[in-house]
Amino acid sequence: THAYGKAGKHVARFRVRSDDGSVVTDTVVAEVFNAKPVAEAGKDLSLKVNQESEFAGEGSDPDGEVTKYQWDFNGDGTYDYGSLRSGVVQYAYKKKGSYTARLKITTKDGQTAEDEITVTVTE
């Protein structure tokens with residue numbers, strides 16, 4: 001068996017020598033795909049204004065590692081929190097309303113994945 005460490009097309013050459021000294025060779029092309037990462041923002045939340053809550057986002061990459069976690073707490077496209085180690089953070093909303101909180105993860109090879117939850121904030 002062999003595991004390729006990089007996506008792309010790889011050429012493998014085989015050579016077999018029989019007991020009488022004859023040699024047979026063959027070539028095969030193995031196409032390796034980069035598996036997509038997965039972001040998990042968690043479950044929808046219901047909070048009160050100024051109630052600090054834990055956002056426990058997770059990420060995984062089947063063929064690599066997650067190197068960055070980012071949260072956009074109000075859905076405006078600007079990431080309010082970033083970490084190189086964890087997607088877990090405490091946050092409190094200052095106004096009532098319904099918000100889309102989005103987790104974005106980035107992998108070592110630059111792939112990204114996103115997931116979102118709905119946060120309902122009441123007084």
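Visitor: Before we start, what do buried, exposed and partly exposed mean here?
Guide: Buried means under 20% relative accessible area, exposed means over 50%, and partly exposed is in between, with a 1.4 Å probe and protein chains only. This is a predicted model, where local features need pLDDT of at least 70, side-chain atom pairs count only at pLDDT 80 or more, and totals for chains, interfaces and linings use all residues. Residues are numbered from 1 along each chain as its sequence is written, and side-chain values use heavy atoms, with hydrogens and water left out.

Visitor: OK, how many aromatic pairs are there?
Guide: Eight. Rings of Phe, Tyr and Trp (its six-membered ring) pair if their centres lie within 6.5 Å; planes under 30 degrees apart are stacked, over 60 edge-to-face, and the rest tilted.

Visitor: Why is Phe55 with Tyr91 called edge-to-face?
Guide: Because their planes sit at 80°, with ring centres 6.3 Å apart.

Visitor: And where do those two lie?
Guide: Phe55 is in strand S5 (residues 53–60) and Tyr91 in strand S8 (residues 87–91), so the pair ties together parts 36 residues apart in sequence. Strands here are DSSP runs (E, at least two residues), numbered from the N terminus.

Visitor: Is Tyr91 buried, exposed or partly exposed?
Guide: Tyr91 counts as partly exposed at 27% relative accessibility, while Phe55 is buried at 1%.

Visitor: What about Phe73 and Tyr91?
Guide: That pair is stacked, because the ring centres are 3.9 Å apart and the planes at 10°.

Visitor: Which residues form the aromatic cluster?
Guide: Phe55, Trp71, Phe73, Tyr91, Tyr93 and Tyr99.

Notes. Helices (H or I, at least four residues) and strands (E, at least two) are DSSP runs, numbered from the N terminus.
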